[in-house]
Amino acid sequence: MTEISSTPQWKALEADAAGLAQVPMRALFDSDPDRFARYSIEAAGLFLDYAKNKLTDQVVDHLLALAAAADVEERRAAMFAGEAINVTEGRAVLHVALRAAATDAYSTAGEDASALVQAELKKMKGFCDRVHQGAFKGYSGKALDTVVNIGIGGSDLGPQMAAAALQPFWIDGRRTFFISNVDGQHLAAALDAVDPERTLFVIASKTFTTQETMTNAKSARAWFFENGGGEDDIAKHFVALSTNAEAVAAFGIDRENMFQFWDWVGGRYSLWSAIGLSIALQVGFDNFTKLLAGAQRMDQHFKTTPMAQNMPVMLALVGVWNRNFIGISAHAILPYDQHLARLPAYLQQADMESNGKRVSADGSVVAHATGPVLFGEPGTNGQHAFYQLLHQGADIVSADFIAPAISQRELGDHHEKLLSNFLAQTEALMRGKTEAEVRDELRGEGKSDAEIDALSPHKIFPGDRPTNSILMERLEPETLGSLIALYEHKIFVEGVIWGINSFDQWGVELGKVLARNILPEIAGAGEEKPSATAHDASTNGLINRINAIRRKG
């Protein structure tokens, strides 16, 4: 397998970056009045403007040539064909089948994935209908109006993000709590707020063995027993989202209340599957279906559109350009819609767990940078937190700005002010403010020459901070689906170019194994434990200090 960074296409991009190093982005705009029209794409209810990156037509051509050298189109076709592109686990990567139209045909390893998906969606719809109509009742005969979703990682971040994003579509009188942290305070706070007679617990775990999820699930079951429920009532208040029917039954959940997904569905790509049951229960199955439809529109765009007009492909190529040739190691996700507050955390997992790899798919260590560090907050909150570093920090950070043109809640002129900030920030990050502009501004304020000399270095903005802008008409189920699918495919394309497997996550395993080893060494409250000696001096010392504190109660 040829190392991508040794190809002529990569070398051409390195030369492009060197040639543009001293060219400010504002000069590219000044010399090119059609820049916005050429470097923007509309698809599946979204509009992408990537003009505020240090790009030229030559750079774009070379990026497209790099994608061809990395066989992006062939790898895309392999994914949609259900081939086992997750090579380390021998699995297909077929989350696109979860949101496909009923007439679409997806299969893998001789299995009709489309038929399996449609059957499970039908089961989910029937269950949601019974809950929403009050036919599925709790042990005391009361309707269930509260959901406690217990999961972690993709079984928590996806449904939690989507449910929050679709708050304007919530069914009146319904509540959903999302519990993930093994810290008991997370679960306890939710249990304090719910009525056991009206609560449905949704236990989301692919294997039904995940330590955090099963610890929380068992504590929730114990609380249920302590507050009026019995063994025979588990089937009325607990459902499972899993692939492990035997473990589900051992927990006490009726297999009829188990909703399944398959090993070709990765956790961070699973909100479209039964893992999305909590979304459907909160916003209604029709809106969940619209979420799937929006993703399916982006799938079709990604699958059929030529590379140069393909939104996920171009967003990925810009990401590769900034990461590998401009040298940017951090990327911000900045949604200008409060309902998208959990999107940065969701994309942290989607991107960093997928592309945070240093070994290629064939097992060799890569010779180039891979996935960046992702972080973010909703605007305008982020502006008063970390934008100082974005504008004037020593490190350049790229960013995606995301906004609906129309708010779901148009309150006074709030949204106009929000949008003005959305637009102003990308302009400021691109243009910056030169020393001459600063000095002229201070002179206009009546400052003395000495004051100007002292203040001007602090008020200069270097500019040339690359950003993408993603617009939608409104944040609705369809556009949310398109947005999430856009990022899924962007991550896939970047992984193909970097030569890594974006669909395994071995990096999460070592800490889990060591935690299981350490667990028996942690003292219960008031318990005496022998001194720890099996680890390094730091870990031994911390265990012993913790146990000394816990021994005192």
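The model is predicted: local features need pLDDT of at least 70, side-chain atom pairs count only at pLDDT 80 or more, and totals for chains, interfaces and linings use all residues. Residues are numbered from 1 along each chain as its sequence is written, and side-chain values use heavy atoms, with hydrogens and water left out. Helices (H or I, at least four residues) and strands (E, at least two) are DSSP runs, numbered from the N terminus. Two strands pair if DSSP finds at least two bridges between them.

**Six-stranded sheet**

- Six strands form an open sheet in the order S1-S2-S13-S12-S10-S11. The pairing is mixed.
- Strand S1 (40–43) and strand S11 (373–375) are the edge strands, and each pairs on one side only.
- Neighbouring strands of this sheet are turned against each other by 15° on average, direction ignored. Axes are lines fitted to C-alpha atoms, for helices over the stretch in contact, and angles run from 0 to 180 degrees between N-to-C directions.
- Strand S10 (residues 330–335) and strand S12 (residues 398–404) run parallel, joined by five bridges. His331 has Ser398 in S12 as its bridge partner.
- Helix H15 (residues 343–355) packs on the sheet and touches S10, S11 and S12. Its direction makes about 165° with that of S11. Contact means heavy atoms within 4.5 Å.
- Helix H17 (residues 414–431) also packs on the sheet, touching S12 and strand S13 (467–472). The direction of H17 makes about 155° with that of S12.

**Five-stranded sheet**

- A second open sheet has five strands in the order S6-S5-S7-S8-S9, with parallel pairing.
- Strand S6 (175–179) and strand S9 (258–259) stand at the edges. Each has a single partner strand, so one side of each is left without a neighbour in the sheet.
- Four bridges pair strand S7 (residues 199–204) with strand S8 (residues 238–241) in the parallel sense. Ala204 stands opposite Leu241 in S8.
- Helix H7 (residues 154–165) packs on this sheet, touching strand S5 (146–150), S6 and S7. The direction of H7 makes about 150° with that of S6.
- Helix H9 (residues 211–226) lies across S5, S6, S7 and S8. H9 runs at about 160° to S7.

**Helix pair H1 and H4**

- Helix H1 (residues 8–20) and helix H4 (residues 57–69) have axes that come within 9 Å and cross at roughly 155°.
- That makes H1 roughly antiparallel to H4. Angles under 35 degrees count as roughly parallel, over 145 as roughly antiparallel, 65 to 115 as roughly perpendicular and the rest as oblique.
- The crossing of H1 and H4 is left-handed: the near helix is turned anticlockwise from the far one by less than a right angle, where clockwise would be right-handed.
- From H1, Gln9, Trp10, Ala12, Leu13, Asp16 and Leu20 take part in the contact. They meet Gln58, Val59, His62, Leu63, Ala65, Leu66 and Ala69 in H4.
- The residues of the contact of H1 with H4 divide into nine nonpolar, three polar and one charged. Ala, Val, Leu, Ile, Met, Phe, Trp, Tyr, Cys and Pro count as nonpolar, Asp, Glu, Lys and Arg as charged, and the others, Gly among them, as polar.

**Backbone exceptions**

- Most residues other than glycine have a negative phi, and most peptide bonds are trans.
- Gly379 and Thr380 are joined by a cis peptide bond, with omega about 10°. Thr380 is in the loop between S11 and helix H16 (387–392).
- Phe208, in the loop between S7 and H9, has a positive phi near 60°. Phe208 is buried, with a relative accessible area of 5%. Buried means under 20% relative accessible area, exposed over 50%, partly exposed in between (1.4 Å probe, protein chains only).
- Asp464 also has a positive phi, near 60°. Asp464 is in the loop between helix H19 (449–459) and S13.

**Two buried residues**

- Asn322 is in helix H14 (residues 311–325). Asn322 counts as buried at 4% relative accessibility.
- Leaving aside neighbours within four places in sequence, Asn322 is in contact with Asn53, Gly327, Ile328, Ser398 and Pro466.
- Asn322 and Thr467 are 145 residues apart in sequence and 10.0 Å apart in space, C-alpha to C-alpha.
- Ser270 lies in the loop between S9 and helix H12 (277–283). Ser270 is buried, with a relative accessible area of 1%.
- Not counting residues up to four places away in sequence, Ser270 touches Gly154, Val265, Ile275 and Gly276.
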